[in-house]
Amino acid sequence: MLPALTVARRELSGYFATPVAYVFIVIFLVLAGALTFTLGNFFGRGQADLQPFFSFVPWLFLFLVPALTMRLWAEERRLGTIELLLTLPLPQWQAVVGKFLAAWAFCGIALALTFPLWITVNILGEPDNGVILAGYVGCLMVAGAYLALGAAVSALTKNQVVAFVLAVALCFVFAAAGSPVVTEFLTQRLPVLAEIARALSISDRFTGFTRGVVAARDLVFFASFIGFFLFVNAVVLDHRKAD
């Protein structure tokens, strides 16, 4: 894994070499705070917890993570530097994993910078910090799932805008798959698809983490989801080397 970590370190430092990283973090923190304290009715609930924050994070990531992943491979392909990267003396899958780990670490940094919210609820009351920690783990899992999907989409095209739109659309499908509107509609027509939609719903899996339940089945789901789309990413790159 050393080559993958080398790629990850290079990519992560590359994020902070441009204003893009800082803009992403500022937008995320501003939106997270604004939504938590306004639409989330943080003070009106009378409870010292971060449920309002966690309820918005998957939907913030729905737009911000594709904005992060749209350049992962599309930019490399557009600039022609992908050939150089793929001819380096390292397995292709390690380049894929390295880029993913860098983006995941970046999302982890953005999440870590929301620590004032955690401090705030501990000042205002006595929250269950174990539940909050589990919620943050869930946020990181959701970010990883979106990143893996977005990276696979980015490998399909040279156009970053196309990569962004497709990634948002696909992430939305997995985020909304378990919503009552979707499941009720499918239950009335195709019950089997309703069960599949619930099983593939990222939002449903995330809900358990926000309640403090870190279930093995949910961890396996996210690990499998991430692994599958990283595999798709590698396959796409292998078949489109000459593009």
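**Exercise 1. Is Thr183 buried or exposed?**

Solution. The structure is a predicted model, in which local features need pLDDT of at least 70, side-chain atom pairs count only at pLDDT 80 or more, and totals for chains, interfaces and linings use all residues. Residues are numbered from 1 along each chain as its sequence is written, and side-chain values use heavy atoms, with hydrogens and water left out.

Step 1. Locate the residue: Thr183 belongs to helix 10 (residues 180-189). Helices (H or I, at least four residues) and strands (E, at least two) are DSSP runs, numbered from the N terminus.

Step 2. Read the accessibility. The relative accessible area of Thr183 is 6%. Buried means under 20%, exposed means over 50%, and partly exposed lies in between, with a 1.4 Å probe and protein chains only. Thr183 is therefore buried.

Step 3. List the neighbours. Leaving aside residues up to four places away in sequence, Thr183 touches Ala177, Gly178, Ala194 and Arg198. Contact here means heavy atoms within 4.5 Å.

Step 4. Compare with a residue elsewhere in the chain. From Thr183 to Ala143 there are 40 residues in sequence and 24 Å in space, C-alpha to C-alpha.

**Exercise 2. Describe the surroundings of Thr114.**

Solution. Step 1. Thr114 is found in the loop between helix 6 and helix 7 (115-124).

Step 2. With a relative accessible area of 4%, Thr114 is buried.

Step 3. Its side chain reaches the backbone oxygen of Leu111 at 2.5 Å.

Step 4. Not counting residues up to four places away in sequence, the contacts of Thr114 are Phe28, Leu29, Phe53 and Tyr136.

**Exercise 3. Work through two of the aromatic pairs, Trp59 with Phe172 and Phe100 with Trp104.**

Solution. Step 1. Start with the total: the structure holds 18 aromatic pairs. Rings of Phe, Tyr and Trp (its six-membered ring) pair if their centres lie within 6.5 Å; planes under 30 degrees apart count as stacked, over 60 as edge-to-face and the rest as tilted.

Step 2. For Trp59 and Phe172, the ring centres are 6.4 Å apart and the planes stand at 55°, so this pair is tilted. Trp59 is in helix 3 (residues 51-69) and Phe172 in helix 9 (residues 160-176), so the pair ties together parts that are 113 residues apart in sequence. Trp59 is partly exposed at 36% relative accessibility, and Phe172 is partly exposed at 43%.

Step 3. Phe100 and Trp104 also form a tilted pair, at 5.1 Å centre to centre and 40° between the planes. Both residues lie in helix 6 (residues 92-112), 4 residues apart, which is about one turn of the helix. Phe100 is buried at 4% relative accessible area, whereas Trp104 is partly exposed at 21%.

**Exercise 4. Which residues form a salt bridge with Glu195 and with Asp218?**

Solution. Step 1. The whole structure contains 4 salt bridges. A salt bridge is a side-chain nitrogen of Lys or Arg within 4 Å of a carboxyl oxygen of Asp or Glu.

Step 2. Glu195 pairs with Arg198, with the closest N and O atoms 2.8 Å apart. The two are 3 residues apart in helix 11 (residues 191-200), so about one helical turn separates them. Arg198 is partly exposed, at 32% relative accessible area.

Step 3. Asp218 meets Arg205 in a salt bridge at 3.3 Å, N to O. This pair links distant parts of the chain, with Arg205 in helix 12 (residues 202-210) and Asp218 in helix 13 (residues 216-239), 13 residues apart. Arg205 is buried at 17% relative accessible area, and Asp218 is buried at 6%.

Step 4. Follow Arg205 to an aromatic ring. Its charged end sits over the ring of Phe221, 4.6 Å from the centre. The criterion is NZ of Lys or CZ of Arg within 6 Å of the ring centre and within 35 degrees of the ring normal. Phe221 is one of the residues in an aromatic cluster with Phe174, Phe209, Phe222, Phe225, Phe228 and Phe229.

**Exercise 5. Which residues are linked with Arg10 in a network of salt bridges?**

Solution. Step 1. Arg10 forms a salt bridge with Glu11, the closest N and O atoms lying 2.4 Å apart.

Step 2. Arg10 is partly exposed at 45% relative accessibility, while Glu11 is buried at 8%.

Step 3. The network links Arg10, Glu11 and Lys99.

Notes:
Polar contact = N/O pair within 3.5 Å; in protein donor to acceptor, adjacent residues only side chain to side chain.
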